[in-house]
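Here is a friendly briefing to read with the model open beside you. Take the topics one at a time, and look up each residue as you meet its name.

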Amino acid sequence: SGIHSNRGPTSKEDQVIEVPEAKVSEECVFQALESITWAQCFSRRNVRPKDQAFIEAFMLGLIKPYFQGLMCSRRTRILPTLTRLLAKFGREQGDGVAFTSIQLNKDYNARLHVDKNNHGPSWIIGLGDYEGGELWVMDKDGDYELEFDETIPNHGHLKGQMVRGKLYDIHNRWTEFDGNLPHKAMTFKGRRYSLVYFTRKGWLEAEKDHERHLRDLGFPWPGAEFQARATGTVDHEGIVKRPRLAGDAARGGMEDEVDETEEMHFEGSNEPRLLDWASIFREVLGPSWAEATPHLCLVACQAGLGPGAALALQELLPCDRSRVLCVAEDKTDPLQGSLARQRIGVARQSVRAECGFSTLEEFAEGKGFCEVRHEEGKTVPDWKSAHLLIGSLRGAPISNYKLMGRFSEDDKWVKNLQALHRYMQRQRPSLVLLDIEDWSTIHVDHRRLVLQVILGTNEKHGGLQ
């Protein structure tokens, strides 16, 4: 027990977990949580202690990743038995319990925060051999004062003040609370797991396939009547400022956030947050997707796309059936070059990229200074086994040069495109997905030329052949 890894729990670990016919005990759940490998979660910045680089946490049930709408989390598909066990454990609390999602936490005390994505009440329980670790929830009638040492959404005016609240002992005890109120976990000693059951905002707009799947796993899916249990933004005087309804998320409300480790968008990135890579992959790859090779290897020549495509790939495949061999960014790009190393670092954390280059020339050769391993002369592992190339390009420079007889090979974008062509000619990937990010702004009369140049089929501009 206690093992953590970037890869997280596996389907093999799930196969040895059993769901008892009798009532699920706290000890049964504790042993199941002890038996799995816990992934390092580098996101969830609103709850991660400031002195920790990562926490050990993941979510089961309905989530909202930034590259797609509401869906079942990848862990739900990898761990169906654990999901059934925890859903049964939650249902057995009694009548009136409904939830779409379960947040699992291990050995960290969450900072003061609000759960803006929650609709209605949440239920929490603490498991393990530990002391302390109570749940503090803001309450004007409480008898435990806590200093707001940071700015909390919708409660910024309380920063620096002592605020009343209540302490709840959740150790082997179910506790119902309002996650939209500021709350935190108190310090503790020992092994401590916490499980939080809640309804994800916008759940009524989730696709029916996701609803049916979670119902089959034992989730007591909330109906439309659960909207009446909406909670609002409540201040420390107990005044409800605005109730929040189920459709807020689907309508793109300002308060909606993405969930858990799928939140890898970072400041300064121009990545389209809702680009549905998973649907793109399904459409392009067709019905053979389910029979994909055991290791569908990915390389990414990116210019601002971020890790969304690779995350979507891992959502569709079990985590042990895909590898991100290499990512590449262009540190000389005048618009986004300053973020090149940061993007590679995010890809290393979020999709376990095995190698990363900050120039596309090194990417094309498959060798250079690796920003992931911080090694000079690093060669991409298993370079020949790459199946899928994902890239992002701008078409405007090609369109702008339409009237010239040849492109200038001194232009940086030309060198990058040549590097991309060298890679494709040498490696011959099975599938290439190139996103022309400014396609909608290119004049319709220029689009054919843009495609020909990118594909290397334009005879007039032979410099890119």
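In strand 14, Ser194 is the bridge partner of Asn105, and Tyr197 is the bridge partner of Trp123. Helices (H or I, at least four residues) and strands (E, at least two) are DSSP runs, numbered from the N terminus. This is a predicted model, in which local features need pLDDT of at least 70 and side-chain atom pairs count only at pLDDT 80 or more, while totals for chains, interfaces and linings use all residues. Residues are numbered from 1 along each chain as its sequence is written, and side-chain values use heavy atoms, with hydrogens and water left out.

**Strand 14 and its neighbours**

- Two strands pair if DSSP finds at least two bridges between them.
- Strand 5, residues 101–106, pairs with strand 14 in the antiparallel sense, over 6 bridges.
- Is strand 14 mostly covered or mostly open? Strand 14 spans residues 193–200 and is mostly covered, since 8 of its 8 residues are buried.
- Here, buried means under 20% relative accessible area, exposed means over 50%, and partly exposed is in between (1.4 Å probe, protein chains only).
- As a general point, side chains in a regular strand alternate between the two faces of the sheet.

**Aromatic rings**

- Rings of Phe, Tyr and Trp (its six-membered ring) pair if their centres lie within 6.5 Å; planes under 30 degrees apart count as stacked, over 60 as edge-to-face and the rest as tilted.
- By this rule the count comes to 11 aromatic pairs.
- One of them joins Phe30 and Tyr193, which is edge-to-face because the ring centres are 5.7 Å apart and the planes stand at 70°.
- Phe30 belongs to helix 2 and Tyr193 to strand 14, so this pair ties together parts that are 163 residues apart in sequence.
- Phe30 and Tyr193 are both buried.
- Trp136 and Phe148 form an edge-to-face pair too, with 6.2 Å from centre to centre and 75° between the planes.
- Trp136 is in strand 8 (residues 135–138), and Phe148 is in the loop between strand 9 (144–147) and strand 10 (162–168), so the pair ties together parts 12 residues apart in sequence.
- Trp136 counts as buried because its relative accessibility is 0%, and Phe148 counts as buried at 0% as well.
- Which residues form one aromatic cluster? They are Phe89, Phe99, Trp174, Tyr197 and Phe219.

**A charge over two rings**

- A charge sits over a ring if NZ of Lys or CZ of Arg is within 6 Å of the ring centre and within 35 degrees of the ring normal.
- The charged end of Arg192 sits over the ring of Tyr130, at 5.6 Å from its centre.
- The charged end of Arg192 also sits over the ring of Phe188, at 5.4 Å from its centre.

**Salt bridges**

- Side chains of opposite charge can pair when their charged atoms come close.
- The rule used here calls it a salt bridge when a side-chain nitrogen of Lys or Arg is within 4 Å of a carboxyl oxygen of Asp or Glu.
- How many salt bridges does the structure hold? There are 13.
- Among them is the bridge between Asp141 and Lys140, at 3.5 Å from N to O.
- Asp141 counts as exposed because its relative accessibility is 57%, whereas Lys140 is partly exposed, with a relative accessible area of 45%.
- Asp169 and Arg173 meet in another salt bridge, at 3.7 Å from N to O.
- Asp169 is partly exposed at 38% relative accessibility, and Arg173 is partly exposed at 49%.
- Glu365 forms a salt bridge with Arg426, and their closest N and O atoms are 3.8 Å apart.
- That pair links distant parts of the chain, with Glu365 in helix 9 (residues 360–365) and Arg426 in helix 11 (residues 412–427), 61 residues apart.

**A lysine in a loop**

- Lys23 lies in the loop between helix 1 (11–15) and helix 2 (26–35).
- Why does Lys23 count as exposed? Lys23 counts as exposed because its relative accessibility is 63%.
- Leaving aside residues up to four places away in sequence, Lys23 touches Lys88 and Glu92, where contact means heavy atoms within 4.5 Å.
- Lys23 and Lys88 are 65 residues apart in sequence and 8.3 Å apart in space, C-alpha to C-alpha.
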